[in-house]
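Hi,

Here is the structure I promised to pass on. Could you have a look when you get a moment? My notes follow below it.

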Amino acid sequence: MMSEFWTRLRYLFTRREPDELDDELRFHLEQAIDVRVAAGMSAEEAHRQALIELGGMQRTREQCYEQRPGWWMGTVAQDVRYALRGFRRNAVFTVTVIATLAVGIGATTAVFSVVDRILFRPLPYAHDDRIVSVGLVQSLERQEFAVGGFFFDWRDNQKPFEAFASQGAMPHACDLVEANPAQLNCIHAQAGFLPLLGVSPVLGRNFLPEEDRPNGPRVALISYGLWQDHYNRDPGVLNRLIDVDGSTARIVGVLPKGFELPTLQAADVMMPLALDEGNERKSSPGSAMRAFARLRPGVSIVQAKAELEPLFVHTRDTLIPAPIRKDFHLSVRSLRDRETKDVQSAAWILLGSVFAVLLIACANVASLMMARGEARERELAVRSALGASRGRLIRQTLTEASMLSLAGAVAGIVLAEGLLMVFLRLAPTGIPFLTRAGLDVRIALFTVMLSLVCGALFGLLPALQTPRAVALAARAAKSRNRTMLRRSLVVSQIAISMVLLSGAALLVRSFQNLEGQSLGLQTQGVLSARIALPGFRYDTGQKKMEFYLRLEAALKRFPGIHAVGFSDSVPPGGWQNNERFADLAPEGKPFPEQGTGGSVVSRGVTPDYFRALNIPILRGRNFTEEDRQGSDYPVVLSRLLALRMFPGEDPLGKRIHRDRDKLWLLVVGVAENVKNGGLTEQDEPEIYFLRRSVQQDWGGRAPVGEVMSGAAPLMIVDGLVPQETVALWVRSQAAQIDPTVPVEIETLNESVSKLADRPRFETALLGFFAFCGLLMAVIGLYGVISFVATQRTQEIGVRMALGATRADILRLIAGEGVRLIVLGGVLGMAAALAAAQLLKSLLYNVGPHDPVTYAAVALLLALVALVATLIPARAAMKVEPVVALRYE
Amino acid sequence: MPPTTDLLQGTLDLLILQTLVAGPMHGWGVAQRIQQVSRDVLQVGQGSLYPALHRLEYKGWIRADWGNSENNRKAKFYSLTVTGRKQLETELETWERLSGAVGLVLGRIPEAAS
């Protein structure tokens, strides 16, 4: 085998004298003549007969050359040169095919690269398909949570899991105090947590069971990022003592690069959860945590849930107070669902729409290649008559198809890179993993292959048929089947673009509704500033309050500032504090039945809050500066809450009893409703507490009656001067009080606009795909109609000679197009109406079958498609009858 | 031109290799020899002979050298290489197995069937 290989290689590089073969063949001829002469023939006759017997010398010569190893390489170069000449002659065809492929490949690759991270990406854990999030859910907390009161009971008695462990409820800010201090995120986890995920530290070890106990040795694992940035990847970091929030811990390990918590929250330092098991078991509810588990092989989530049911029932009946039991449910979800549930539907829709675009692109390429193949049928017949073999013709076609696909692929990948950059720029922050999305090589290859196949397949059709003698005459009617195939391709293209267009139009309408709605508050010119005071220096509520009140007073002195208020959150969305409706009762009335009434948004504000956001007080009064110094608990209700708590009564001056801490609240006013359930959800009732000038209202511990959340207050500033100036003032005044505190400033317009990022993103993408789809479908339609028109040129000539008017011709050709449009449109409309159900969850204030949208889409499609039909039809109409009759 | 028996693809290669066992030979000689030995049943035209010779040469099974023919003309002589000799053996085995099998199917060698 080796020797054969070397011989081949040698012949590849040495060129053989061409006349050697001629000498050899001449010798053969002479011998044949000699034999005949020896048999008694005359020299001339011998020569003649020998030539006849030998047959065509040229053919032999060519066949001998073809034996040469590497011979086909020469023909490939030939094919490529030939193809390039053809492409130059047919520039429009070439550019169209390449552009179509580029859009198809580019869009699919870019979108898949994004969606893959959300839908299909393997989670960075061993047995990631068996890891589940386990716990309770209720109306105020939709993510599974667990508490010490039942966690240990479940862990000891469960059967469906082979591992069951938890991390702390959420990471908290912590301060690394050393020569080079840093503010970090710390998380607590049980010793069994990392083994459950199948993660082991790259350096050092995991927590030992004895370290995961109260008063056990203080140890910590640090993240790879912290090890790299803070400790220069020093292996000696093990056993080092670090000071976290004022107490020392020994570093025992480094987490692997790319490690992420199953909650996707950032964490730099992991420490043992170290719960007191005995105490937790007895307490109700105990410490909050997030529990995860690994299913035993072969156990499904449904089975696991069913098996946990008895444990859950026991917990519910013993741990949760009877009135609110109904609100708690058991939940077991795959980790993937927990991480990406809310974006999965959008991801599927994007993926679907982009595959629709790819389909249209493929149909287009197929249709174009077929048209070209038909136009070249005659050329192929000529080449075949001149001696080109079938294989050679097929190879030529394949060469052309692969060159086109290759060019389309290169353009497509460039486009994909660009699109991905645009996506990342446009994308809202809430979509997990998006920032880490990179171009996916597998899908790029897949789309390139797919387009190559559809190009080659349809390009080959004409070459595969034995070139017919009739093709040479070229007058013969071209294959009816193939025209039928092209027509059906166009119909499906129109149908698919109809689906895409109506989906996009629905999203646009929904987005308009979203943007156009009234929020019930002023966002223009209002700034919000979040100032996170470092916990270890501002360790009492008093210190915090002093800082904020000093800043407020300083800012109020500026003449251009109209209002300076504090709140813990701003509508319309994002994080907001909640009360239970059933926890509040007007004086003299019983509490509503627990678990009913849902939740009430609560905000702790200062009087200027209403002024800054321009929320009208409908009845009663706003909080006053005197209230801030008082010791009462005045509240302002939203109109909706006032109506629900005091139907048909005057709420002013009434007192409200809060069950949780037996606190009495006094209603002083009623404010207009604001949009407070996010942009798309129903408004919720709202209660405003006053943030008084006492330390417990600013993050300090209160002996009784804590109304404020622990969250750092958000300062809201409304100025009459430009926002940049106001922002500058806020920063400089904060720096004057304490130059080290970080100040995050955002305009309210930005925060609201951020909430609309997701729908904007979805709308923009789907709109873009619909546009691409429509463009390609129209190109396809134009191609078919002009092809049909050219094919019927002679027929048109005959008709005109027999007296048909130009209008008749227009009707004849355009009628063909109209039939395709109507058929495609009707099919598409049916498919769109069915597919719209999938969009339902993304739509706001517009039904999935909104008639106006569908009518508009149908009209648009019909108009554009008609134009694509009329252009070639008009060209056909203008043909001179004499020219048409002589056409080929 | 008298009708010739179509040669199976690959059979011609085998015939050429076998013919060249006798010693170096030019193309004409190979054709004549095959015709003679087969008692005029197998006639190899130059149209298939020379491509086959070149193919075998490229594969390294035979070697070509220019020399003088018996009537003192310049001619190209082909001879078996070592690889060619080995190849011939395997090809012969294959051929025997194949022809035996065909014979069995056609029922011409009854004793082999039992």
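Between chain A and chain B there are 3 salt bridges. In one of them, the side chain of A:Glu24 meets that of B:Lys76, with 3.6 Å from N to O. Please keep in mind that this is a predicted model.

Polar contacts between the two chains come to 5 residue pairs, counting those with both residues at pLDDT 80 or more. On the chain A side, the elements that each give two or more residues to the contact are helices H1 (2-13), H2 (18-38), H3 (43-54) and H4 (57-67). The largest share belongs to H2(A), with 12 residues. Sorted by class, the side of chain A that touches chain B holds 11 nonpolar, 9 polar and 10 charged residues.

As for the extent of the interface, chain A brings 30 residues and chain B 26 residues. Together the chains bury about 2,500 Å², and 56% of that lies on carbon and sulfur atoms.

Now to the fold of chain B. Its 3 strands make an open antiparallel sheet in the order S1-S3-S2. Strands S1 (25-26) and S2 (62-68) of chain B are at the edges with a single partner strand each, so one side of each has no neighbour in the sheet. S1(B) pairs with S3(B), residues 74-80, in the antiparallel sense over 2 bridges, and B:Met25 stands opposite B:Tyr78 of S3(B). Helix H1 of chain B (residues 11-20) packs on this sheet and touches S1, S2 and S3 of chain B. The direction of H1(B) makes about 95° with that of S3(B).

Best wishes

Methods
Residues numbered from 1 in each chain as written. Chains lettered and ligands numbered in written order. Predicted model: local features only at pLDDT ≥ 70, side-chain atom pairs only at ≥ 80, totals over all residues. Heavy atoms only, no water. Contact = heavy atoms within 4.5 Å. Buried area = accessible area lost by both parts, 1.4 Å probe. Salt bridge = Lys/Arg side-chain N within 4 Å of Asp/Glu carboxyl O. Polar contact = N/O pair within 3.5 Å; in protein donor to acceptor, adjacent residues only side chain to side chain. Helix = DSSP H or I, 4+ residues; strand = E, 2+ residues; numbered from the N terminus. Nonpolar A, V, L, I, M, F, W, Y, C, P; charged D, E, K, R; others polar. Pairing = 2+ DSSP bridges. Axes fitted to C-alpha atoms, helices over the stretch in contact; angles between N-to-C directions.
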